Amino acid sequence: MIEEIRQAVAERLEELDGVVALRKSSKGVAPHLFQKEDDLSELEIAPRYPLMTVVSKLHKVFPDIRLGIVARGCDERAFVEMAKRNQIDPDRLSIIGFACTEEEAQECYCSEPYPQHLLVGTPPPPGPPNPLVAEYEARSLEKRRVFWKHQFLKCLKCYGCRNICPECFCEACAMEDAAWVEPGLLAPPFPMFHLIRAMHMASRCVACRQCELTCPAHIPLTVLYDLMRRDIETLLGYVPGADMAAPPPLSVTLDEAPLLVGASH
Amino acid sequence: MEYKNVLTTCIYCGCGCGLYLETLDGRITGVWPAKTHPISQGKLCIKGWNASGFVYHPDRLKTPLIRKDGELVEATWDETLSLIAERLGTIKAESGPNSIAFLSSAKCTNEENYLLQKLARAVIGTNNVDHCARL
């Protein structure tokens, strides 16, 4: 599969200024901008990094460049939500989509482990639902509170969940605002610190699981975000990342006119 | 347009977490945790996430400063090292080697820390060696 991806990247590089993907060197694997002269045998597809964040940085600094991205399903979902919020220019990004493996889909409990722009690979069966969510829901309200209190007590306040999230891009962050989160406390104040982020991710979280993977305290953040995604779908009929034409429900005015220019794409 | 990620080791403590310094056209633009690093496995603490914070900080010292007539004045390394050697020699002669302490740093390599304690013990003659993480 990776050879097909490298071939596709080589072809796109004839027209594009660069392709964002992972590069493997003797020192490890990291995000990279492949350009025409680069050695494509170094292109890798794992481990997963939030590559859309790299695209966003490059689009903002270089307003004329046309890029490609080697994207999984979660990268493409991030692309959709970032485009709606003017973090990237969808007209200047070409998606080279590939399917995750069945094992990856299971590991991530991913319901859609492939992009809509699927170029390489065949869609694997979706992963099973996260068993921790059902376990959580079987608890009483009080036990749920105790569960989160225990989990968030482990928090090192590294801000890694926010930093690695492709949909966290506010310039001023409420999690650093003393009016919302009392500074100097470790663990951070319960439940404000984590629930501010959870609320801000409503209608944004694309279930990429990067926050949980980077958490040094092993807090099962996808339980929180799975439930948030489900509420947004049930209450507002919105699935983040699924449809470029659907305006994000929390960013529209009461007369349903989109607030953001990007939502018209 | 040159986008690179350069693997390095976090300088803030002895754990040795792996991180990438992200650069755009030669300027650091951020930090990525190194997911393939055997120690940190894609995780960082708040210090690691901000490991590049001092690089362009306006308060960063770029030259040694010597206090002259109550004012800190920029100086050359030659002048500074000569002054340190001279003052350490005087203090040792007047008050003995145990009037001097050496404070080492997590920002240095093992080898540099080895050299500092060697200087303390073999040159000055004191066991007063401690570490910035205990300050």
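## The salt bridge between the chains

Lys57(A) forms a salt bridge with Glu22(B), and the closest N and O atoms of the two are 2.4 Å apart; a salt bridge here is a side-chain nitrogen of Lys or Arg within 4 Å of a carboxyl oxygen of Asp or Glu. Across the interface of chain A and chain B, the rule finds 1 salt bridge. This is a predicted model, in which local features need pLDDT of at least 70 and side-chain atom pairs count only at pLDDT 80 or more, whereas totals for chains, interfaces and linings use all residues. Residues are numbered from 1 along each chain as its sequence is written, and side-chain values use heavy atoms, with hydrogens and water left out.

## The interface of chain A and chain B

The contact (heavy atoms within 4.5 Å) joins 32 residues of chain A to 21 residues of chain B. Together the chains bury about 2,200 Å², 66% of it on carbon and sulfur atoms, where buried area is the accessible area (1.4 Å probe) that two parts lose on being put together, summed over both. In chain A, Tyr49(A), Lys57(A) and Phe62(A) lose the most area to chain B, together 21% of what that side buries.

## Domains of chain B

An automatic or database domain assignment divides chain B into domain 1 (3-49), domain 2 (61-95) and domain 3 (97-135). The centres of domain 2 and domain 3 of chain B, taken over C-alpha atoms, are separated by 18 Å, and their contact takes 4 residues from domain 2 and 5 residues from domain 3. Between these two domains of chain B the buried area is about 450 Å², of which carbon and sulfur atoms give 70%, and the count of salt bridges is 0.

Notes: Chains are lettered from A and ligands numbered from 1 in the order in which they are written.
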